[in-house]
Every structure is written in C-alpha cells, then in structure tokens.
Amino acid sequence: MLQAHKPIQRTAMRSTLELTDITDDASLLPGFDGHERIVLGRDETRGLIAIVAIHDSKLGPALGGTRVWKHESLEAAITDALRLSRGMTYKSAIAGMPFGGGKAVILANAKTDKTPELLEAYAEMLAELDGDYYTGEDVGLTLADADFLRARTPNVTGTTIGGSENPSPVTAHGVFLGLNAAAKHRFGRDDLKGLRVGVQGLGSVGRRLAEQLHEAGATLVVADIDKTRVDQAIRDFGATALASDAMATADVDVFAPCALGGVIHAGMIDAIKAKVVAGAANNQLADEADAALLAERGILYAPDYVINAGGLINVASELLPGGYVRARAMKLVETIPATLADIFSRADTEKRPTNAIAEEIADERVAARH
Ligand code: NAI
C-alpha cells in the first residue's frame, strides 16, 4: 500500500485539501520512468482524490489533460497517470512544442461523483502547483468542467474563457494531413481519390475526419457503436457501415482508429488487410512491440501521438507568447505530415518500426535541452 508522506506546505491554510509529494513511493510502481514529481491531492470533505504526475519539464512546464476515471485502486490510478504523463512528454517534444509532459487522474466516476465541490478542490490543487502543470480536457472531463476550473485557476487550457475551445476539429485536421502523408509514402499517391479508408469511431474527431476524407474523394467504410452516427455518415458521405469489431481487419487500404485504444494486438495483426494504420485514437497498439509485427507485414503505422498531436498543439498554442491565434495553431499542425514523412523514411532506411524512430526523435529533442 502506498504510504502518503512529505506533506506539501500550503498557501491556502484553511482549506480541507491535503497535498502530498508521493514521488518516492510512486517510483516503485509500474509506469515510473524517472518522473520529476508526483503529487497526491486528497480532500475527504469534498470527495477528491487526484494525482498529478509531472514526467519531464526540460522543454517547458508540464502540459496534459485531466482524466476522471474510477480506477480499481489508488496504485492503478497513479500508474495510469505515470504512463499518460510520459506519453505527453513525447507528444510535446515531437510536435516541437516548448512544453513538458504531465497528466492528472481524478479517481472518481465522471457520471456520479464529479460534483462542483470536488472540482473546486481540484482547482485549488492546480493553483497550488503554481504553473508547473497546465491541464485541460480528457476522458471524463468536459469543456464545461474545464471552464469551471479555469474560472478558479489560470492553469487550464482548451476553455471558452479566452482559450482555444474544442480541440477536436484541429486534431482531425492533423490526422487528415498525416493520413495523406502516409498514403503518399505507402502508395506513392498525391491524392486520396478512391482510396478505401475505414474509420472506426465517428465522434468529435472521427466524424470531422470522415468529412475531410469524403471531400478528398476517399471511399469510406465506417463503424461506431452509436447507430445514429453511422446512419449520418451513410447519408452524408455515402459511407458503407461495418460492425466495429470487424473494422480493424476490414478490406480497406487505410485503417483509421478513432475510438478506442488497444485495437491493434498480436492476435489479429496477421488478419489486417489495410496497408496503412493512421488514426486519432490514443494507444492504438496493445503493446509497443506490435509496431514491429506491423512493419514485418509491410503495414505502415503512423505513431498515434505524432498524428493526433493537433489537439495538443492547439491547447499549447494558448501558452505561447502572444496567446492563442488560430492561424498560428493551424500552421503548427501543418508540420505533422512532414514529421511523419521523416519518421517513415528513417524507418525504411534503418529497417526499424516507426514508433521506435518517433521515440528516438522525441528523446533527441528532450536530451538537446539537458
Ligand atoms: P468521442 O468520445 O467524441 O468519440 C468517440 C466515438 O467512438 C463515439 O462516437 C463513440 O460512440 C465511438 N465508440 C466508442 N466505442 C466504440 C467501439 N467499440 N467501436 C466503434 N466506435 C466506438 O472522442 P474523440 O474526441 O472523437 O476522440 C477519439 C479518439 O481520439 C480517442 O481515442 C481520443 O483519446 C483520441 N484523441 C482525441 C483528441 C481530441 O482532440 N478530441 C486528441 C488526441 C487524441
């Protein structure tokens, strides 16, 4: 069991929130990777248990969303925060943004436990971290929640209060550009006309991606557990529907996972017919080693955190000198295809999986700031 120790000196003395530095204890948990600082926030009165994990701040203050999720244990929540925050370091570095990697997990059920009191206590926790960590939306934390937090502390991005708002259309645009770069590399083509693309998940990102693909002349196969969204795509884009669990092995040229993580795993890689995997979902590979299996089969994998960095670029742009300017954010997003093209050709030359090359480039960028 994790021992809470090292209480952090608080500025708001009358608060019921307790902050504890748990970096030493967390270093024994899976997912720890030399993280700089892990803070546990507890407020029994207001029902908050939250972890903020700061992985690496060499490139700048840590940036990453807050996930609200009822993990089965505190250790599981900390491990989740450790892994996600490490991923953010890579995402920022490879997107060329001057920010480090951080992530927070609030151990709560987003539907039943997320009270204004809990969010008040969390806003206090963010304020106490004093700009070392900037957060935003993630699974279980909505735009309205981000606005609520932003009204109480400045360290929140992606809000409607002078912020960049919903990042999904920007993420979708980055994925669309990245998918084009992958199609050019794998099929040697400059357009998507007639290319069969399977989009799994027609939510905020998938629906917008499908729209752009349709406008570019691609032929769409779609899946979503929400039938209304599938029906809309059939009506609007002339898409063909498929059961979601059949999508990863569908007869398409490109598979674009835009719903869940872990959709690619060793047990099904032999059955994949697509020659490109390029989509928005986080953690598409059940295991990082699966990228080598994809490469062996000649399937080009666009590393998820490279191709889906548009959302991060959008919120990070708020913190750049001059504040958020949409045109500047879009210009930065337009660098995603060149980064991918570089990764793809290095992977070919060095005969290594694309995710290994991406990780190496991110490491080089972080190391350059030592
Ligand atoms: P969303 O919640 O708006 O949409 C997800 C869609 O997937 C929904 O339509 C849902 O019904 C569908 N879905 C859920 N389970 C499914 C299943 N088993 N099979 C097929 N469809 C299923 O989420 P959003 O924002 O569109 O994000 C999609 C993915 O992209 C997520 O993995 C997210 O982590 C990732 N991502 C999103 C970013 C953003 O800016 N929104 C940024 C970077 C990554």
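These legends walk through several close-up views of one predicted model.

Residue numbers start from 1 in each chain and follow the sequence as written, and side-chain values rest on heavy atoms, with hydrogens and water left out. Since the model is predicted, local features need pLDDT of at least 70 and side-chain atom pairs count only at pLDDT 80 or more, while totals for chains, interfaces and linings use all residues.

**View 1**
The protein splits into domain 1 (18–150) and domain 2 (168–368), with bounds that come from an automatic or database domain assignment. Taken over C-alpha atoms, the centres of domain 1 and domain 2 are 26 Å apart. How many residues of domain 1 are in contact with domain 2? There are 18 residues on the domain 1 side, and they meet 22 residues of domain 2; contact here means heavy atoms within 4.5 Å.

**View 1. Strand S6, tucked away.**
Helices (H or I, at least four residues) and strands (E, at least two) are DSSP runs, numbered from the N terminus. Why is strand S6 (residues 100–106) called largely enclosed by the rest of the structure? Because seven of its seven residues are buried, which means under 20% relative accessible area, against over 50% for exposed and in between for partly exposed (1.4 Å probe, protein chains only). Gly100, Gly102, Ala104 and Ile106 point one way from S6, while Gly101, Lys103 and Val105 point the other way.

**View 2. The partners of S6.**
Strands of a sheet pair through backbone hydrogen bonds, either parallel or antiparallel. Two strands count as paired if DSSP finds at least two bridges between them. Strand S3 (residues 48–56) pairs with S6 in the antiparallel sense, over six bridges, and isoleucine 54 sits opposite glycine 102 of S6. Strand S4 (residues 62–63) runs parallel to S6 and is joined to it by two bridges; here leucine 63 has glycine 101 as its bridge partner in S6. Strand S5 (residues 66–68) is also a parallel partner of S6, with three bridges, and valine 68 stands opposite isoleucine 106.

**View 3. Helix H2 crossing helix H14.**
The axes of helix H2 (residues 74–94) and helix H14 (residues 354–367) come within 8 Å and cross at roughly 80°. That makes H2 roughly perpendicular to H14, on a scale where angles under 35 degrees count as roughly parallel, over 145 as roughly antiparallel, 65 to 115 as roughly perpendicular and the rest as oblique. Axes are lines fitted to C-alpha atoms, for helices over the stretch in contact, and angles run from 0 to 180 degrees between N-to-C directions. H2 brings Arg86, Thr89, Tyr90, Ala93 and Ile94 to the contact, and H14 brings Ala358, Glu359, Ile361, Ala362, Asp363, Arg365 and Val366. Sorted by type, the contact of H2 with H14 has seven nonpolar residues, one polar and four charged. In that sorting, Ala, Val, Leu, Ile, Met, Phe, Trp, Tyr, Cys and Pro count as nonpolar, Asp, Glu, Lys and Arg as charged, and the others, Gly among them, as polar.

**View 4. A six-stranded parallel sheet.**
This open sheet has six strands in the order S10-S9-S8-S11-S12-S13, with parallel pairing. Strand S10 (240–241) and strand S13 (300–301) are its edge strands, each pairing on one side only. Strand S9 (residues 219–223) is joined to S10 by two bridges, and valine 221 has threonine 240 as its bridge partner in S10. Helix H7 (residues 227–237) packs on the sheet and touches S9 and S10, its direction making about 170° with that of S9.

**View 5. Two loop residues with positive phi.**
Most residues other than glycine have a negative phi. Asparagine 283, though not a glycine, has a positive phi of about 55°; look for it in the loop between strand S12 (276–277) and helix H9 (290–296). Lysine 351 also has a positive phi, near 50°, and its place is in the loop between helix H13 (336–350) and H14. Is lysine 351 buried or exposed? It counts as exposed, at 73% relative accessibility.

Isoleucine 161 lies in the loop between helix H4 (143–150) and helix H5 (168–187), and at 37% relative accessibility it counts as partly exposed. Not counting residues up to four places away in sequence, isoleucine 161 touches Asp147, Arg150 and Ala151. Threonine 171 is in helix H5 and counts as buried, at 9% relative accessibility. Leaving aside neighbours within four places in sequence, threonine 171 is in contact with Val205, Asn308, Gly310 and Gly311.
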